[in-house]
Amino acid sequence: MARFTRKGDANKSLESLLDMEKATRGAKKEIERQATRKLIPGHGLEFNNLSYSVIKKQKKEGVWIKKETYLLNDISGQAMRGEIMAIMGPSGAGKSTFLDALAGRIAQGSLEGSVRIDGKQVTTSYMKMISSYVMQDDQLFPMLTVFETFMFAAEVRLPPSVSSDEKKNRVMELVTQLGLTSAMHTYIGNEGTRGVSGGEKRRVSIGVDIIHKPSLLFLDEPTSGLDSTSAFSVVEKVKDIARGGSIVLMTIHQPSFRIQMLLDRITVLARGRLIYMGSPTALAAYLAGFQRPVPESENSIEYLLDVIKEYEESTVGLDPLILYQRDGIQPDEVARTPVPRPKFTPTPQHSKHMISLRSTQFSNGNTTPKTDSEYYNSGYGNGDEEEDFDASLERKTRTVNINTPLSMQSGVYPRLASHFYKDFSVWIYQGVTGTPRRPTWTPARTPGQTPAFSTSTSHYPTPNLRTKSSVALFSPAPDSYAATSYEEFDQILDEPEHRNKFANPWLREVGVLSWRTALNVIRTPELFLSREIVLTVMALVLSSLFKKLNEEDFKTINKLLNFYIFAICLVFFSSNDAVPTFIQERFIFIRETSHNAYRASSYVISSLIVYLPFFAIQGFTFAAITRYILRLHSNVIYFWLILFASLITTNAYVMLVSAMVPSYITGYAVVIATTALFFLTCGFFLKSSQIPPYWKWLHYISAIKYPFEALLINEFKGTRCYHGEAKDLSPGPLGEIKISELHKISAVTQQANCTLIGEDILFTMDIHQIESIWVDIGILLAWGVLYRLFFYVVLRFYSKNERK
């Protein structure tokens with residue numbers, strides 16, 4: 001194997017450099033033979049040169065700057081059928097990001113590299129069709145039993161061609177396979193309801209996603225939060241799934257020794273780079289080859305994580321580990337004993353116009369970027385803040401040349417201009433051997449920046465990434481070994497053109513989702529009974545406060561106006577309880593629809609269908625109690641229909657807000673603020689003629705305006721006479737009384753005690769353009785339909801479980 005030399009020996013003779021080149025060529029051949037044994041082209045899940053970056057902001061000298069930070073950097077490997085591949089590494093290593101990249105949960109254009117299944121490229125839609133993804137958190141309905149949860153998964157994941165008996169048999173087999181027979185009829189449970197244990201809940205989450213027997217199974221931290229026994233039981237069941245012919249990949253954090261024995265191969269990451277990929281039993285020999293043998297009575301995986309941490313905190317960085325994994329290059333004496341990076345103390349701010357005497361590293365006349373260690377020894381770091389930003393995840397376009405000493409690559413000491421003379425023989429050697437002066441690769445996606453070039457063939461290269469936004473592939477094919485190994489494969493695996501994305505037709509989805517929603521509502525009394533109790537109690541309270549509203553005097557007019565506006569506001573504000581309810585369901589919806597379990601439109605319609613009878617009961621309860629206790633003149637059917645339509649519309653609005661906000665606290669704030677604004681502009685406090693022209697539009701989009709006007713029309717329309725003194729109408733919402741045209745032509749007004757008629761009340765409240773209960777109800781329901789449509793759009797296009 002090729003070995004590096006120390007910095008003190010940098011000034012070598014040409015003979016020694018030529019000898020080093022021969023040794024390096026022999027090492028390359030040995031590495032190629034090892035790679036051939038490790039990878040089996042055309043089988044299983046292959047990933048090549050996967051890289052994923054985000055833009056991070058940092059404040060330097062009072063100015064915000066942006067940097068492209070790589071969470072994954074040039075990762076290649078393979079996962080085979082019938083095996084479990086565990087993705088491991090320290091915190092922040094990129095484990096979950098890597099799993100998302102393989103599962104197609106990263107937006108197109110952000111991920112670079114290629115993913116193949118059995119040697120063929122795949123699209124994101126095809127990946128979702130054949131795979132399942134088990135999230136780290138158990139997103140399940142707490143009031144469903146284990147059997148009901150599996151049955152629902154079977155109903156939406158299996159096509160109608162599978163009979164009900166076959167679905168039940170599939171569920172029973174799954175229950176037995178996952179060891180859940182004793183908990184089959186137990187509720188899932190939550191903090192307030194006792195249910196299955198944590199390990200059993202995790203197995204239920206896995207079972208929901210494998211009911212349709214996917215070819216690939218991705219699991220994010222399946223043992224998180226479980227005790228050792230439960231964690232082993234979960235991985236043991238996952239092992240059985242893999243033995244059935246599936247490809248299983250999962251992230252896991254420091255597994256126990258028993259769990260390690262169940263793993264077929266492990267992938268260890270650090271700062272988005274690949275450190276090790278292979279069998280866990282071969283890790284000890286691998287570390288021994290790195291000249292860091294595992295101490296006796298110590299776990300090899302834990303020891304590797306300690307070694308990674310040691311190198312992360314040293315001046316040489318992770319370069320030696322990455323080089324050894326990729327090229328089999330063993331570290332020299334300096335790299336074997338990494339020196340901890342010194343802690344930096346704040347330095348005085350220098351003038352922006354001060355000239356730095358520190359030059360950049362010379363390399364064939366081109367500038368090479370600094371490695372991690374060079375950066376921290378250059379004196380420009382300003383402590384932990386810059387360390388986290390510049391070195392934690394950012395892809396370094398560093399160049400490592402095995403033909404030059406390690407000291408010239410690792411940056412243990414800063415590169416000064418004087419090194420030009422010490423390395424003069426290397427320059428001559430490169431001229432003799434014909435080392436190219438130009439880079440052999442082109443940096444990808446570095447707009448607005450001058451790329452840093454390599455001076456020779458790099459063994460720590462930046463991936464050769466090409467983005468083809470016009471091709472709807474899961475990821476573009478890189479110019480890597482896969483591109484040359486798969487020239488015979490031209491096929492791209494995608495969903496069949498005439499295949500339906502969903503297993504079941506739309507109507508069946510609506511029926512199954514309605515069944516589940518109804519079970520949840522019935523078993524969660526607070527979803528229905530709490531609002532029913534509130535409306536019943538408030539109806540009785542209002543009936544005791546507003547007495548004898550059937551009298552025909554001026555005092556009764558003000559009481560009626562106050563009663564109806566409070567009734568509508570009560571209905572609207574009582575619907576706020578749907579905010580936390582849907583926010584909890586939203587995560588379940590995202591999990592289930594991420595692999596096309598059902599349509600977003602089916603979910604929207606089914607929730608409306610289930611809640612309609614409950615809204616009807618709630619509206620009728622309030623209308624009946626107040627109508628007959630207060631002896632209102634209004635028609636009880638119209639009164640009920642107005643409240644019914646109000647409940648439908650306000651529920652749609654609350655669902656829309658819940659789908660757009662990140663938390664229920666924000667949802668409450670938005671719903672309460674907008675409802676208060678609707679209340680202010682509905683026509684009770686400020687009549688339409690009193691609202692400024694630039695705020696007039698708020699009056700027409702107010703969802704409270706239309707039911708309030710409908711209730712007043714239901715109560716006052718006609719020639720019913722009201723009598724009394726003018727002082728009885730103030731203070732009140734009427735203000736200056738306006739006499740309607742009907743008052744002038746009606747014979748009823750000729751009576752001595754008929755000062756006002758009901759039509760005068762409507763005319764004074766600016767309700768005279770369209771006096772129709774049905775029009776107001778129609779407009780109110782139209783707003784409800786519009787809110788539901790927006791709710792569907794948000795769910796369909798913006799509630800996706802993928803990284804941008």
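Predicted model: local features only at pLDDT ≥ 70, side-chain atom pairs only at ≥ 80, totals over all residues.
1. Strand β1 covers residues 45-60 and strand β2 covers residues 63-79, and the two pair in the antiparallel sense over 13 bridges. To find your place along this pairing, look for Leu50, which has Ile75 of β2 opposite it. The hairpin that β1 and β2 form has two residues between the strands, and Glu61 there takes a positive phi near 55°.

2. Strand β1 also pairs with strand β4 (residues 111-117), in the antiparallel sense and over six bridges. A handy landmark here is Leu45, whose bridge partner in β4 is Ile117.

3. Next, have a look at the open sheet of six strands. Its order is β6-β7-β8-β3-β9-β10, and the pairing is mixed. Which strands stand at the edges? They are β6 (131-134) and β10 (273-278); each has a single partner strand, so one side of each lacks a neighbour in the sheet. On average, and with direction ignored, neighbouring strands of this sheet are turned by 15° against each other.

4. Strand β6 runs parallel to strand β7 (residues 216-220), and four bridges join them. Within this pair, Ser132 is found opposite Leu217 of β7. Helix α6 (residues 198-210) packs on the sheet and touches both β6 and β7. The direction of α6 makes about 160° with that of β6.

5. Now for the helices. Two packed helices are described by the angle between their axes and the distance between the axes. For helix α20 (residues 529-545) and helix α23 (residues 600-629), the angle is about 10° and the axes are 9 Å apart. Why is α20 called roughly parallel to α23? Angles under 35 degrees count as roughly parallel, and the angle between these helices therefore makes α20 roughly parallel to α23.

6. Who meets whom between α20 and α23? On the α20 side, the residues include Arg531, Glu532, Leu535, Met538 and Leu542. On the α23 side, among them are Phe615, Gln618, Phe622, Ile625 and Ile629. Taken together, the residues of this contact divide into ten nonpolar, five polar and two charged.

7. Helix α24 (residues 636-660) and helix α25 (residues 664-680) pack at an angle of about 140°, and their axes are 9 Å apart. That angle makes α24 oblique to α25, and the crossing of the two is right-handed. Helix α24 makes the contact through Tyr653, Val654 and Val657, while α25 contributes Gly667, Val670, Val671, Thr674 and Phe678. How many of the residues in this contact are nonpolar, polar and charged? The division is six nonpolar, two polar and no charged.

8. Is Ile583 buried or exposed? With a relative accessible area of 7%, Ile583 is buried. Ile583 and Ser663 lie 80 residues apart in sequence, yet their C-alpha atoms are 7.1 Å apart in space. Beyond its neighbours within four places in sequence, Ile583 is in contact with Ser658, Val661, Ser663 and Tyr664.

9. Finally, a step back to the whole protein. There are 30 helices and 15 strands, and buried residues make up 55% of the 804 residues. Of the contacts between residues at least 6 apart in sequence, 79% join residues at least 24 apart.

Methods:
Residues numbered from 1 in each chain as written. Heavy atoms only, no water. Axes fitted to C-alpha atoms, helices over the stretch in contact; angles between N-to-C directions. Parallel < 35°, antiparallel > 145°, perpendicular 65-115°, else oblique. Left-handed = near helix turned anticlockwise from the far one by under 90°. Contact = heavy atoms within 4.5 Å. Nonpolar A, V, L, I, M, F, W, Y, C, P; charged D, E, K, R; others polar. Pairing = 2+ DSSP bridges. Buried < 20%, exposed > 50% of the residue type's maximum accessible area, 1.4 Å probe, protein only.
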